[in-house]
Amino acid sequence: MKQGIVIGILGLTILILAGSLFVLVDDKQALKEKMGQKNDELAALALENEELSAVTGLQVTGEELAFVEEAFHVYLNYDNDSYVTRFQELSNLVVLDVLNKLKGASSLSPPVVKMKNEVEDVQIYLNPKAPHTFLVYTTTNYFLDGALVNHGSQLYEVQVLKEQEQFIIGEFKVIGNMTEVDGV
């Protein structure tokens, strides 16, 4: 009888061990599948991270774009009264070297004849090859004695820096001017 009980307990123990082994093998397989899925997800995230890293330096804020637009309005919107004084306001928006170049390209005194330059449109494009560098396409109207004498577009390249938590234009290049001549 003792022998029957021992065989019964031994059989029950073997069944429990076999069941545990079956469950462990099944759990191991499930873990392998789950690890495979997680590795695939990780590879996809790594690829996405790599793609995002390629444009990290290109991200700009609306505040930066508004700053660029404001700088061009200050520079290009002028009349006889603001022709010279606009550079004082511009001095807070550009580095000294850029300010001196812009002043050098202009007369130091306002024109004698009544004139006005007016910004019609400012379009800002991000240069994907250089962080915080923009191509700025402006359309302006130039009036003499109240009559429109020039409707033209200009293309600039500017680089924006951030100094002491404030934006400032560090580089300013005139790429070209396009002036309409009798609607052509």
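How many helices and strands are there in the protein? This predicted model has four helices and five strands.

**Figure 1. Overall view of the predicted model.** Along the sequence, the elements follow the pattern α-α-β-α-α-β-β-β-β. The radius of gyration is 35 Å, well over the 16 Å that the globule rule gives for 184 residues, so the protein is more spread out than a compact globule. The C-alpha trace spans about 125 × 40 × 20 Å along the principal axes.

**Figure 2. Pairing of strand 2 with strand 3.** Strand 2 covers residues 115-126 and strand 3 covers residues 133-144. The two are joined by 11 bridges in the antiparallel sense. Within this pair, Asp121 has Thr139 of strand 3 as its bridge partner.

**Figure 3. Pairing of strand 3 with strand 4, with the hairpin between them.** Strand 3 and strand 4 run antiparallel and are joined by 12 bridges. Asn141 stands opposite His151, a residue of strand 4. The hairpin has two residues between the strands, and in it Asp145 takes a positive phi near 50 degrees.

**Figure 4. Pairing of strand 4 with strand 5, with the hairpin between them.** Here 12 bridges join the antiparallel strands 4 and 5. Gln154 stands opposite Asn177 in strand 5. In this hairpin, which has two residues between the strands, Gln164 takes a positive phi near 50 degrees. Gln154 and Asn177 are also among the lining residues nearest the centre of the largest pocket, the subject of the next view.

**Figure 5. The largest pocket and its lining.** The space in this pocket amounts to about 410 Å³. Of the 20 residues that line the pocket, Leu76, Tyr78, Gln154, Tyr156 and Asn177 lie nearest its centre. Two or more lining residues come from each of helix 2, helix 4 (96-104), strand 3, strand 4 and strand 5. By class, the lining comprises 10 nonpolar, eight polar and two charged residues.

**Figure 6. The largest cavity and its lining.** A search of the whole structure finds one cavity of 30 Å³ or more. The largest cavity has a volume of about 30 Å³. Which residues line the largest cavity? They are Ala71, Phe72, Tyr75, Leu90, Val94, Leu102, Ile169 and Phe172. Helix 2 gives the largest share of this lining, three residues, and helix 2 and strand 5 each supply at least two. The lining divides into eight nonpolar, no polar and no charged residues. Helix 2 and strand 5 also each give two or more residues to the lining of the largest pocket.

How values were computed:
Residues numbered from 1 in each chain as written. Predicted model: local features only at pLDDT ≥ 70, side-chain atom pairs only at ≥ 80, totals over all residues. Heavy atoms only, no water. Pairing = 2+ DSSP bridges. 1 Å grid on protein atoms, 1.4 Å probe; cavity = no way out; pocket = protein on both sides within 12 Å on 5 of 7 lines; lining within 4 Å. Points joined across faces, edges and corners; volume = space filled by probe spheres on them. Nonpolar A, V, L, I, M, F, W, Y, C, P; charged D, E, K, R; others polar. Rg over C-alpha atoms; globule rule 2.2 N^0.38 Å.
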